[in-house]
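Morning, everyone. I have one structure to show you, and I'll keep it short. Here it is.

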Amino acid sequence: MAASLEGATETLARVFGFPGFRGRQAQVVARVLSAQSTLAVMPTGAGKSLTYQLPAVLLPGTCVVVSPLIALMHDQLRSAEANGIRAATLTSADGEDYREAAIDRFRAGELDLLYVAPERASQGHFRQLLASSPVSLFAIDEAHCVSEWGHDFRPDYRLLRQLLDRFPEVPRLALTATADAHTRADILAQLGIPEEGLIVAGFDRPNIRYAITPRDNPGRQLAQLLAEKPGPGIVYAQTRAGVERLAASLGKGGRAVLPYHAGLDPAVRARNQAAFVASEDMVMVATVAFGMGIDKPDVRFVAHAGLPKSIEGYYQETGRAGRDGDPAQALMLWGAEDFARARMRLAEVDDARRAGERTRLAALGALVETGGCRRAVLLRHFGESPPEACGNCDNCLNPPPSVDASVTAQKYLSAVARTGQNFGAGYVESVLTGQSTERSMTNGHEGLSVFGIVDGAEAALLKPVGRALMVRGALLPTEHGGLMLGPAARAILKGEEALALVAPPARERSARGRRRE
Ligand code: ADP
Ligand code: ZN
């Protein structure tokens with residue numbers, strides 16, 4: 001194996017012009033060269049194509065590449081041919097003459113690479129074609145398409161297994177940039193790759209400093225970020241209206257601020273984007289539509305005004321900061337209502353997708369709630385084994401002490417139960433702190449045992465406790481914006497489960513006057 005990897009390094013330089021392997025490419029290539037099936041999970045741009053193109057050159061026979069997009073295949077074909085690799089595609093977009101020539105070249109053993117779409121690959125006559133000449137490797141690109149857990153399931157990918165199993169001696173290399181733990185396990189099972197064949201790498205962005213904090217006054221919190229961080233930045237808002245509102249308020253701070261969302265005239269959108277790309281100090285307030293395919297390496301910060309859709313989305317969006325390798329900041333503001341809204345949406349998705357969506361939301365909850373290293377949570381999510389602390393996130397720089405808020409949580413849940421599970425957080429808190437109002441009198445809530453059972457320092461815990469209960473699903477939103485008990489409430493009420501708070505209110509209150517890191 002060592003010998004073949006040595007040969008690989010020589011070919012890497014001669015054919016591809018690269019002085020060495022990047023990240024864990026060498027590990028993937030070594031496995032492939034020793035005919036071990038592998039699933040490589042690496043972010044976009046990490047250099048996944050090389051991990052099958054290089055073995056394709058080195059191994060006798062043809063490497064068959066299954067790829068879901070014709071445009072992508074033709075890009076790959078061009079770059080392979082530019083390196084002098086013998087390659088061809090078999091797609092509906094290729095003319096019949098081209099396809100016949102490609103088949104002839106394959107049969108004659110004159111191809112290193114043959115790209116094919118999954119719907120063709122799963123057909124019987126393609127199987128027969130492959131039996132006519134040696135195959136060195138099956139590379140399955142965008143392998144998450146084989147999993148219903150992924151976000152891009154394609155039934156044709158499921159049929160590939162038949163083809164693969166017809167050639168049991170040919171190793172399989174599955175490649176993807178996006179695969180959470182479930183999707184990864186599914187890919188391994190669906191494509192018959194052993195568990196030890198999983199290689200995940202290259203997700204860390206060490207120059208990005210992650211900070212995640214509850215949203216109390218987003219206009220002020222973001223204005224502070226803008227005041228502290230010079231250089232280009234992106235602020236993501238959840239809705240078009242939110243974009244307009246934030247752009248207007250942040251624009252008053254003296255920096256150039258532009259909006260970007262799908263509701264803007266295309267000409268305005270293009271103009272704003274061009275201005276941002278050219279600028280050295282501009283802030284773009286945008287929906288997540290902004291940023292895809294934009295090449296701006298010097299973005300100094302990415303802020304989220306609300307909870308992103310998933311950890312994958314968050315990582316992709318924050319990943320637009322600091323591509324030049326210089327220090328960059330990622331700031332996320334979140335609120336209990338973000339989780340409330342996400343849970344309402346859960347109720348609307350069809351049953352097949354709900355479990356996946358719920359898992360995605362729970363992963364976000366764990367990220368925002370953790371008192372530990374944010375980077376460690378993120379990288380573990382992508383299957384890496386990072387150190388416990390990174391030294392470059394809010395919690396590593398300023399470790400939050402943990403307080404046991406289980407009793408306060410029980411009082412909170414009791415108050416929601418006793419008041420009939422249809423009042424909002426503000427009212428529940430006023431009952432707990434014993435504020436006598438016309439409403440509490442007419443509702444007869446002043447006679448409840450929970451009326452006024454919270455005071456002093458404990459009162460400051462109520463907001464963060466309410467948020468934490470919402471994140472865990474111990475509280476759920478009602479249709480009318482009230483709170484009701486969720487499935488996780490029982491264990492907390494019975495004292496079977498503790499609720500530790502990592503962001504104590506003292507820090508939250510004093511953060512107002514204090515400068516952020
Ligand atoms: P992915 O498919 O993972 O998104 P690509 O295979 O398109 O990534 O590679 C991204 C870029 O990295 C390409 O421009 C490729 O030429 C380059 N690249 C790949 N491997 C190496 C390497 N070992 N050294 C330098 N550049 C590399
Ligand atoms: Zn950290």
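**A buried helix, a sheet and a ligand shell**

Start with helix α17: its buried residues are Arg374, Arg375, Ala376, Val377, Leu378, Leu379 and His381. Buried means that 20 or more other C-beta atoms, placed from the backbone, lie within 10 Å of the residue's own. Helices here are DSSP runs of H or I, at least four residues, and strands are runs of E, at least two, numbered from the N terminus.

A word on the source. This is a predicted model, where local features need pLDDT of at least 70, side-chain atom pairs count only at pLDDT 80 or more, and totals for chains, interfaces and linings use all residues. Residues are numbered from 1 along each chain as its sequence is written, with chains lettered from A and ligands numbered from 1 in the order in which they are written.

Back to α17, residues 374-381. Seven of its eight residues are buried, so the rest of the structure largely encloses this helix. What covers them? The cover includes β8, α14, α16 and α18. Contact means C-beta atoms, placed from the backbone, within 7 Å. Just after α17, Gly383 has a positive phi of about 90 degrees.

Now the sheet. Six strands form an open sheet, ordered β8-β13-β12-β9-β11-β10, with parallel pairing. β8 and β10 are at the edges with a single partner strand each, so one side of each has no neighbour in the sheet. Pairing takes at least two DSSP bridges. β12 and β13 are joined by four. His304 stands opposite Met332 in β13.

Last, ligand 1. The residues around it include Phe18, Arg22, Lys48 and Ser49.

Conventions
Near = placed C-beta within 6 Å. Buried ≥ 20, exposed ≤ 12 C-beta atoms within 10 Å, placed from the backbone. Contact = placed C-beta atoms within 7 Å.
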